[in-house]
Amino acid sequence: MNSSNRRNFLKNVSMGSLAAISIPHIVSAAVSADKSKKVTLKKEGVILFQGDSITDVGRKRDAMDANNGAALGGGYPHLAAAHLLLKRPGDNLKFYNKGISGNKVFQLADRWEADCLQLKPDVLSILVGVNDFWHTLNGNYNGTSKVYRDDYDKLLNRTKQALPDVQLIIGEPYAVKGVKAVDDKWYPTFNEYRTAARELADKYKAVFIPYQAIYDKAIQAAPAAYWTPDGVHPSVAGAQLMAEAWLQCVK
């Protein structure tokens, strides 16, 4: 191997190694920078994931049992649950996923009694908001960021009234600009939804996961389309990225 090829080889190995080791650090840095506290998983705890297609990911909706692989879908809830069930076999944790593709906040509210309150979760993780904006672009929904904020506020208040001890995790709505669906038409309006989610997390003392910052940092290690093929829905790698962030918010 000549010196030029050797230098290129070492450069490629170095870059590959950096990409391989940097993602957990990227996530940790983003979560730590947000100064979020953590929720505590207790023995026999019920953990519920709620949201839209980013949470749904093809879950089998007629599978009702906790920790059912098909019911957990193919995204970050499944990955996070699998990790914790492996690491904490003695805690008898129970994981549910009730995300539904296309949902906006008012649609979560419509099914909240059956799909949340009756399950009596100890930890409730919600990621919702991208459809509340995205669907306004095609004329199928006339909501605004204020509607999103008000609907979400009512939903969280209702939840705390019914389940005063529930620990909340609120995921930040995110979008990766320049990948298929996400273009200049999203901004600056979409940022209002992100701000609303963060402020509501503060109001209800929820752990906040800064998914936008996490994706923004991740694209320094691999192209944006590697993490999300359309700018919104995560790839397999993107789902693992989100699961890693979620896991750093629990103890």
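Predicted model: local features only at pLDDT ≥ 70, side-chain atom pairs only at ≥ 80, totals over all residues.

Trainee: How many helices and strands does the chain have?

Mentor: The secondary structure comes to 12 helices and five strands. Helices (H or I, at least four residues) and strands (E, at least two) are DSSP runs, numbered from the N terminus.

Trainee: Why is H4 called oblique to H12?

Mentor: The axes of helix H4 (residues 76-87) and helix H12 (residues 236-247) come within 8 Å and cross at roughly 50°. Axes are lines fitted to C-alpha atoms, for helices over the stretch in contact, and angles run from 0 to 180 degrees between N-to-C directions. Angles under 35 degrees count as roughly parallel, over 145 as roughly antiparallel, 65 to 115 as roughly perpendicular and the rest as oblique. The angle therefore makes H4 oblique to H12.

Trainee: Which residues make the contact of H4 and H12, and what classes do they belong to?

Mentor: Tyr76, Leu79, Ala80, His83 and Leu84 of H4 meet Ala239, Gln240, Met242, Ala243, Trp246 and Leu247 of H12, where contact means heavy atoms within 4.5 Å. By class there are nine nonpolar, two polar and no charged residues. Ala, Val, Leu, Ile, Met, Phe, Trp, Tyr, Cys and Pro count as nonpolar, Asp, Glu, Lys and Arg as charged, and the others, Gly among them, as polar.

Trainee: Why are H10 and H12 called oblique to each other?

Mentor: The axes of helix H10 (residues 211-218) and H12 come within 11 Å and cross at roughly 130°. H10 and H12 are therefore oblique to each other. On the H10 side the contact involves Tyr211, Ile214, Tyr215 and Ala218, and on the H12 side Gly238, Leu241, Met242, Ala245 and Trp246. These residues divide into eight nonpolar, one polar and no charged.

Trainee: What makes leucine 155 buried?

Mentor: Leucine 155 has a relative accessible area of 2% and is therefore buried; buried means under 20% relative accessible area, exposed over 50%, partly exposed in between (1.4 Å probe, protein chains only). Leucine 155 lies in helix H8 (residues 145-162). Leaving aside its neighbours within four places in sequence, leucine 155 is in contact with Val105, Leu108, Ala109 and Trp112. Buried residues make up 48% of the 251 residues in the chain.

Trainee: Why does asparagine 92 count as partly exposed, and why does lysine 205 count as exposed?

Mentor: Asparagine 92 is at 39% relative accessibility and so counts as partly exposed, whereas lysine 205, at 65%, counts as exposed. Asparagine 92 lies in the loop between H4 and strand E2 (94-97) and has a positive phi of about 50° although it is not a glycine. Lysine 205 lies in the loop between H9 and strand E5 (207-209), and its phi, also positive, is near 55°.

Trainee: How many disulfides does the structure hold?

Mentor: The structure holds zero disulfides, a disulfide being a pair of cysteine sulfur atoms within 2.5 Å. Cysteine 116 counts as buried because its relative accessibility is 0%, and cysteine 249 counts as buried at 0%.

How values were computed: Residues numbered from 1 in each chain as written. Heavy atoms only, no water.
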